[in-house]
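Colleague: I am new to this structure. Could you take me through a few of its features?
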Amino acid sequence: MTTIYDELAYVFEHLNSNHDDTVVFIARHLADEPAAAMVDARLQSASPDGITIACRRQDGSEYELEHRFGSPPESLDEVRGQLFGLLGAARNAADESVRLTSLEREIAGTDDLSTFITSVVAVRDLTPNLRQITFGGGLDDFVSIGGDQFLYVLLPPAGRSDLTVDADFTWAANEETPEPERPQGAYYTVRRWRPDVGEIDMWFVLHGDAGPASAWAARAVAGAPAGLWGPRSTFAPPPGTDRYLLVVDDTGLGAAAAVLDQLCATSPAVDVIAETIDADHVVDLPEWDGVDIEWCFRGTQAPGEAGLLIEAVRRRALDVPALYALGAAESREITAVRKHLRNDVGMAPDQVAMTGYWRR
Ligand SMILES: Cc1cc2nc3c(=O)[nH]c(=O)nc-3n(C[C@H](O)[C@H](O)[C@H](O)COP(=O)(O)OP(=O)(O)OC[C@H]3O[C@@H](n4cnc5c(N)ncnc54)[C@H](O)[C@@H]3O)c2cc1C
């Protein structure tokens, strides 16, 4: 049985990988020594007693910090609350000149997001496991931010066909909403935005009925209502970038295609490494001279377990200066790619954007 501590390992992995500055900020607040002494901190483990953070000083010495819970937490949300409490306390104690951490910026950024109430206008199967769903209506005010822009697709609560959210939807209010009224959903990437007709295409992986979003997509028909909350994007190549590496599994194919569409205007060198089941599951991706697409077929192996993406990336001799790498795949698989690019290849943090799209 999965415990909240197993789930926390995933939360820690996400925070250590994507918000390392935030972890250092919290650890510096908890430590009894000058902030400048600490250069690195990682959320290490959690138990009913508390959280352990592994820290490294400028002189290379290492030590552990502990944050003790008042009483053993009963849910993941309670531990999350503790972590946000620590972040709030660190911010309250910080000098005004200390800039916001990446997590604080992300949270602040969500305040301005919009909710679009729309519905399905078309459904088309691209491959046996990838379904394009087109949303239309209610999108007049949608402003595209390009790149790998994504939205949270809000769906009817379990067992219902009516949408319980409106354009005033917020996450804060959602958390207070009783379960039977709470929308189901998941993040999906905008494959294509057609401003002339006000329609958005998204590519949904059909991975079975265990997931509410996948189950909904498998049955979606024209007229089905949905909300779209966003958009946000991670695609932010630093100035001077002139070559790209895109690493995706089936869930990231829409993101890769959208980014390729955008890059097409300047036609830089782009290497795409894409994993899917077999040749029947290959989709057309935008191409020009300079785009090199390597398909990795996992065959009968389960998605998210084959390790093909990291193997393919390791085989490459990467030309690091002016390279930007974007990844979207199963969390552990894409974490392995991020670690390799950062630690072995030596790419800088702003050259690497690897997002865990789902977790096996
Ligand atoms: C920023 C962002 C953008 C995304 N864009 C897309 C997109 O464009 N297209 C897309 O298909 N997905 C995309 N995803 C991934 C999608 O949100 C997840 O796959 C999500 O878990 C699907 O929700 P669900 O309700 O179907 O399944 P959940 O309820 O989340 O999971 C149920 C079970 O299904 C498993 N599972 C979840 N996803 C998969 C999968 N793909 N293959 C196999 N097993 C799976 C889980 O391990 C779990 O056991 C994106 C994710 C993020 C964070």
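Colleague: Is D125 buried, partly exposed or exposed?
Modeller: This is a predicted model. The relative accessibility of D125 is 46%. Buried needs a value under 20%, and exposed one over 50%. D125 falls in between, so the class is partly exposed.

Colleague: Which side chain does D125 meet in a salt bridge?
Modeller: The contact runs from N to O, at 2.7 Å.

Colleague: Which residue does R194 pair with in a salt bridge?
Modeller: R194 is partly exposed, with a relative accessible area of 22%. The N to O distance is 3.0 Å. The partner is E199.

Colleague: Which residues do salt bridges with shared partners join into one network?
Modeller: Salt bridges can link up through shared partners, and one such network is found here. Its members are D271, D292, E294, R315 and R316.

Colleague: How many salt bridges does a search of the whole structure find?
Modeller: The search of the whole structure gives 22.

Colleague: Now the second largest pocket. Between which domains does it lie, and why?
Modeller: Its volume is about 350 Å³. Residues from both domains line the pocket, so it lies between them. They are domain 1 (4–109) and domain 3 (243–358).

Colleague: Which element gives the most to the lining of that pocket?
Modeller: Elements giving two or more residues to the lining of the second largest pocket are α1, β1 (38–46) and α9 (331–344). The top contributor gives five residues. That is α9.

Colleague: How many charged residues are in the lining of the second largest pocket?
Modeller: Lining residues include E13, D40, R338 and K339. By class, one is nonpolar and four are polar. The charged ones number seven.

Colleague: Last, helix α4: which of its residues are buried?
Modeller: Helix α4 spans residues 102–110. What covers its buried residues includes α1 (4–18), α2 (20–30) and α3 (76–93). The buried residues are S102, L103 and E104.

Conventions
Residues are numbered from 1 along each chain as its sequence is written. This is a predicted model: local features need pLDDT of at least 70, side-chain atom pairs count only at pLDDT 80 or more; totals for chains, interfaces and linings use all residues. Side-chain values use heavy atoms; hydrogens and water are left out. Buried means under 20% relative accessible area, exposed over 50%, partly exposed in between (1.4 Å probe, protein chains only). Helices (H or I, at least four residues) and strands (E, at least two) are DSSP runs, numbered from the N terminus. Contact means heavy atoms within 4.5 Å. On a 1 Å grid over the protein atoms alone, a cavity is a set of points where a 1.4 Å probe fits but cannot get out, and a pocket is an open set with protein on both sides within 12 Å along at least five of seven lines; lining residues have an atom within 4 Å of a point. Grid points are joined across faces, edges and corners, and a volume is the space filled by probe spheres set on the points. Ala, Val, Leu, Ile, Met, Phe, Trp, Tyr, Cys and Pro count as nonpolar, Asp, Glu, Lys and Arg as charged, and the others, Gly among them, as polar. Domain bounds come from an automatic or database domain assignment. A salt bridge is a side-chain nitrogen of Lys or Arg within 4 Å of a carboxyl oxygen of Asp or Glu.
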